[in-house]
Amino acid sequence: MSQLSWRSFEHRLPKAVERTIRRYVATSPHYRGEVPAHLHLHMAHTIREFGRLFARAAREGSEPREDELELFRQRGRERGAEGLPVSEFVHAYLLAAEEVWAEVQDLSGGSPPSDTAAVLLRCLHRVTNAAVQAHQKEFQTADHEQREAARALVRRLAAGEPVPEPADVRLAPAYGVLALRFAADPADSVGDSVGRHLAGQRKARSLLQHLRRELSGDVLAALDPDGGLLLLPSASDGAEPALAEARLAVPRAHQTTGVEITGGFAHAAELPEIPAAVAEAERLLRLNSVPDTVAVLADHLFEYQLNHDSAATPRLRALAARLSGEPDLTTTLRTYFETDFNRRETARKLHVHPNTVDNRLSRIANLTGADPRTAKGLLLLGASLGLAG
C-alpha cells in the first residue's frame, strides 16, 4: 500500500472504531444494546491509537515502540481496577483487530501486501500482552483489597464494633453465622513457605468461590486456608433458610474441591447479636467432628452446655484421659451410650460376647471410679466423653 493509502486508512479509522464498539456492546453481557458514554470516551480513543500504531509499524516496517504501549498498559490498569473480566478485555481488542483488518482489505481491494497481516498480528500480540499483564496485576490488587475489606468488615461485626455501612455492601437486617473448618490439603505442606502460602490462599479462594455459588445474597467472608467465618444474609424472624443453604453448600463444596469441610451455625436476629452468634457457631464447630455437616445448638445441647470451663472441667476431662491407653474401653463406652445402655446391642455392634462388654464396663469402673452401670456413673462418664469430643 502507498503512503497515501495509509493516510486514507487513518482517515477511515473512526468507522472501524464505531463498528468495533457496536459489535462489542451487542456481544457483551454487561450492556443491553446501549452504547454508554464512557465507551466512546475511552474505548474509541484506544482503538484509534491501536490503528495508528499498526499503520506506523506497517508503513515503516518496524515493531511497536515501548512508549506506544504505555497507553494500552494504562487502559489495562483502569479496566482491571474496575473489575472488568480479562476475557471481556481481550474480546474488545480482537474485535478491534478484525475491524482494522476489514478496512485494510477494503482499501487494498482485497489484496493487501503480503506482510500486512503479519504486522497486524505482531502489533496485536504486543498490545494485548502489555495490556493484559497490566490488567491482571491491577485486577488482582483490586480483588485482594476487596477481600481484605470484606474480612475487616466481618471482624468488626464479629467484635461488636460500630460499622459504618460500606458503599458497596448493603448490610442485611440479620445474619446466619457459619463457622468453618477446612481439612488439610496435600499442597498445604509441599514446597517452600512461599509455595505453601500460595497453595493455602488458592484453596481458600477456591472454597469461597464454590460456597458462594450455593449461597444467596451478599455473603460476607473472612476465610483462611484452615477455615473462618461466613455471614449469610438472613431475615430477623428466622434462621431456617440460611441454615438450609449452609447444609447444602458445605457438602457440595467438598464434592467440587475435594477438601473436607466442617461447620457450626448460629443466627443473629440483628446486627448487635452477631458477636454472640459468632461465639456460639465457633463453639459448635469445635464440638463437630463429622465432615460435611453443619452443627446447630439444637443437636448438641448436652455437649454445648458442658463446653464451658469450670472448676469441675479438668476433673471430668481426667476421667476420659484415664481410658486413653485403653482404646477398646473407650470404644465400648461410646457404643454403650449410642445403644442407650443396651449391653447385648453393644456386644452385637462390637462383634463380641455380652460377657466381654460386662468385663469391660467393670474395668472402666475400676479405672475411672465411675461405674457406667449406675446413674451417677453414667452422668459423670457422659460428661467426660462430651468434653473429650
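Colleague: Which helix holds the place of Glu99?

Modeller: A word on the source: this is a predicted model. Within it, Glu99 has its place in a helix that runs over residues 86-107. That helix is H5.

Colleague: Is Glu99 buried or exposed?

Modeller: The relative accessibility of Glu99 is 8%. Buried means under 20%. Glu99 therefore counts as buried.

Colleague: Which side chain does the side chain of Glu99 join in a polar contact?

Modeller: Leave out residues up to four places away in sequence, and Glu99 touches Ala16, Arg19, Thr20 and Arg23. Among them is the polar partner, with a contact of 2.5 Å between the two side chains. That partner is Arg19.

Colleague: Is Thr46 buried or exposed?

Modeller: Thr46 sits in helix H3, residues 37-60. Its relative accessibility is 9%. The cut-off for buried is under 20%. Thr46 therefore counts as buried.

Colleague: Which residue has its backbone oxygen 2.9 Å from a polar atom of the Thr46 side chain?

Modeller: Thr46 touches Phe72, Arg75 and Tyr93, with residues up to four places away in sequence not counted. The backbone oxygen in question lies 2.9 Å from a polar atom of the Thr46 side chain. That oxygen belongs to His42.

Colleague: How do H12 and H14 lie to each other, roughly parallel or roughly perpendicular?

Modeller: H12 covers residues 327-338, and H14 covers residues 354-368. Their axes are 10 Å apart, and the packing angle is about 105 degrees. Angles of 65 to 115 degrees count as roughly perpendicular. H12 and H14 are therefore roughly perpendicular.

Colleague: How many nonpolar residues are in the contact of H12 with H14?

Modeller: H12 brings Asp328, Leu329, Thr332, Leu333 and Tyr336. H14 meets them with Val357, Arg360, Leu361, Arg363, Ile364 and Leu367. By class, 3 of the contact residues are charged, 1 is polar, and the nonpolar ones number 7.

Colleague: At what angle do H13 and H14 pack?

Modeller: H13 spans residues 343-350. Its axis and that of H14 are 8 Å apart. The two helices are roughly perpendicular, because their packing angle is about 105 degrees.

Colleague: How many charged residues does the contact of H13 with H14 have?

Modeller: From H13 come Arg343, Arg344, Thr346, Ala347 and Leu350. From H14 come Pro354, Asn355, Val357, Asp358 and Arg360. The contact has 4 nonpolar residues and 2 polar ones, and its charged residues number 4.

Methods
Residues are numbered from 1 along each chain as its sequence is written. This is a predicted model: local features need pLDDT of at least 70, side-chain atom pairs count only at pLDDT 80 or more; totals for chains, interfaces and linings use all residues. Side-chain values use heavy atoms; hydrogens and water are left out. Axes are lines fitted to C-alpha atoms, for helices over the stretch in contact, and angles run from 0 to 180 degrees between N-to-C directions. Helices (H or I, at least four residues) and strands (E, at least two) are DSSP runs, numbered from the N terminus. Angles under 35 degrees count as roughly parallel, over 145 as roughly antiparallel, 65 to 115 as roughly perpendicular and the rest as oblique. Contact means heavy atoms within 4.5 Å. Ala, Val, Leu, Ile, Met, Phe, Trp, Tyr, Cys and Pro count as nonpolar, Asp, Glu, Lys and Arg as charged, and the others, Gly among them, as polar. Buried means under 20% relative accessible area, exposed over 50%, partly exposed in between (1.4 Å probe, protein chains only). A polar contact is a pair of N or O atoms within 3.5 Å; within protein, one must be able to donate a hydrogen and the other to accept it, and residues adjacent in sequence count only if both atoms are side-chain atoms.
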